[in-house]
Amino acid sequence: MKAFPEPNFDPNAPHAIASKKLAKLVWAMVKPYKKWLIIIFLAMAMETLMSLATPWPLKIIIDNVIGHHPLPGWLSWMDKVFSRENRIGFAAVAAISVIAMSALGSLASYIDNYFTESVAQYVSNDLRRRIYHHLQRLSLTYYDTHQTGKLLSTLTSDVSTIQDFAASTMMNILVDLLTIVGMLGIMFYLNPGFTMVAIVVTPFLLFFVARFKKAMKKATHEVRLDQSHMLAVLQQGLESIRAVNAFGRQQLEEDKLKKVSLETVGAALKARKVKSALSPIITITIALCTALVLWKGTDLVLKNAMTVGSLTVFLWYMNKFFSPVQDLAKMTSNIAQATVALERIQSILDTEILIVEREDAIAPDKFSGSIYFDRVSFAYDPESPVLKDISLEIFAGQRIGICGPTGCGKSTIVSLIARFYDPTSGRVLIDGKDIANFTIDGLRGQIGYVLQDTALFYGSVKENIAYGRPEATDEEIVEAAKLANAHEFISRMPHGYDTLVGERGVTLSGGQKQRLGIARAVVRNSPILILDEPTAALDPEAEKIVMEALENLMEGRTVITIAHRLSTISDADKIFVIRDGNIYEQGTHDELIAKEGMYADLYAVQANSHHTAHKIIS
């Protein structure tokens, strides 16, 4: 079930369609904060009004105090308050109005800055959670073909880019637009002819900026792509730091980083080169327009057709009128970055490799544990099927072994039971019911796992065990650890169950990690248990301890064990031998040995290897 409705986004779609989808995403992001947006708009309007009024006190001083020109009609009331001889009173009012306008403008600026930052923070929080929510519900097929580092780059850098854009750039654009509308009216009032100069030039500047934006967006896309590659290399190198040190490949990893880092530098410099070319062109164009107004305006002042104050105010407005165009040129890089970030985010949100939960899905009752594969086929790639029309039955409470060569489809079978993937064709049934009719959480909540490499998280031992069932009590956690043969070594730790486990469990031995994984499965108390080569990476002594713990765990459950070491499934009720995506053999250990087929050959090879190794050790 999708928690958020998402538009289908195609990065290769026509520009208009892509822009429409991005606009929908932006609206969905800001819609919950409409009231705050109204406050922001009103504050911006007040800030703009105060900005437009800023030069008028100076005009009054120049024209009406120093120049003795009559006051404008809307200020004629001041003649009744101050005598014509008391011009200093006019100056005092003008000075006080400067302070008042500054105070009101500053208050409005504070309000719009605070609420804009609030909206930006909450939008980025919502967006980050929305992306993570979507990623959590994607099929594992998606992660088979995408690097984690690049996904992290989108979750962090791209969301941060959107936040910065919403907090500053977008607000500046809105203020500039309001300012342009207000200034046009005032400039027409002061001198329509000069105003037409600005109006005629502006479309050419905007067209130039629009053309420039495409080049900037392309350059920015290359920068973000290279940054994602760099993060992926860094993550891979740091996650594999033990292997890097063990094989002495530090220089190789540094060379990888050097290559992608230099590519990032090159892309960033290319983007800066494009960005730097725009500002001088805009500045020179504006200077030419300003020079024309200054030259013609001076002529009008000398002919008494225009006052000095009016020319001063008009030049101020003209400079401010073109300022938004300059700002737009400077913000083109930010706009391009935000657009690219939105597209990268949208491409994740529109990914439909989902395990779909039906609208009428039900939470299953407590499973008995019978499982049936009804002519199931599966393929990661349509041209290379992994499972081919498999049918198999597992009765409740049975212990099942699955073995076969690497890549034959063993792990895929158990992945289909938990709906990490869905079959290409066929059905998987539990207790006679199609698992596609169950809620995903309800299904997976009744399946326990012990994997070959138990995934431990940075936190306490207690928290790692309780990961199987967060509501478990301390007593249940301790009991689970005892059943997993883990209580003894946990008790010897410096802080017992509160001892911190290093990231990915690096502070524990392989056997200790597996026993914590078993304890996690015990506390979950699931009727179906999947063991994915749980002892493959352990030495014989650790394997013995872990197998004892597994015996405690398997009691009364349906158990499916994927095994590389056939000795671990020799007492299974039934063993399925998988080869080339098919069930090649099935039966008990003794029946398969008697057949003298593939299983018997594998078992003989492993038995001889174990015997030889034992002789060497002895």
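A residue counts as buried under 20% relative accessible area, as exposed over 50%, and as partly exposed in between (1.4 Å probe, protein chains only). By that definition Val461 is buried, with a relative accessible area of 0%. The model is predicted, so local features need pLDDT of at least 70 and side-chain atom pairs count only at pLDDT 80 or more, while totals for chains, interfaces and linings use all residues. Residues are numbered from 1 along each chain as its sequence is written, and side-chain values use heavy atoms, with hydrogens and water left out.

**Surroundings of Val461**

- Val461 belongs to helix 14 (residues 461-466); helices (H or I, at least four residues) and strands (E, at least two) are DSSP runs numbered from the N terminus.
- Leaving aside residues up to four places away in sequence, Val461 touches Ile490, Met493, Gly496, Tyr497, Thr499, Val501 and Leu516; contact means heavy atoms within 4.5 Å.
- Gly496 lies 35 residues from Val461 in sequence, with 7.9 Å between their C-alpha atoms.

- Six strands form an open sheet in the order 6-9-10-3-11-12, with mixed pairing; two strands pair if DSSP finds at least two bridges between them.
- Strand 6 (447-450) and strand 12 (582-587) are at the edges with a single partner strand each, so one side of each has no neighbour in the sheet.
- Strand 11 (residues 574-579) pairs with strand 12 in the antiparallel sense over five bridges.
- Phe576 stands opposite Gln586 in strand 12.

**Helix on the sheet**

- Helix 17 (residues 510-524) packs on the sheet and touches strand 6 and strand 9.

Methods
Axes are lines fitted to C-alpha atoms, for helices over the stretch in contact, and angles run from 0 to 180 degrees between N-to-C directions.
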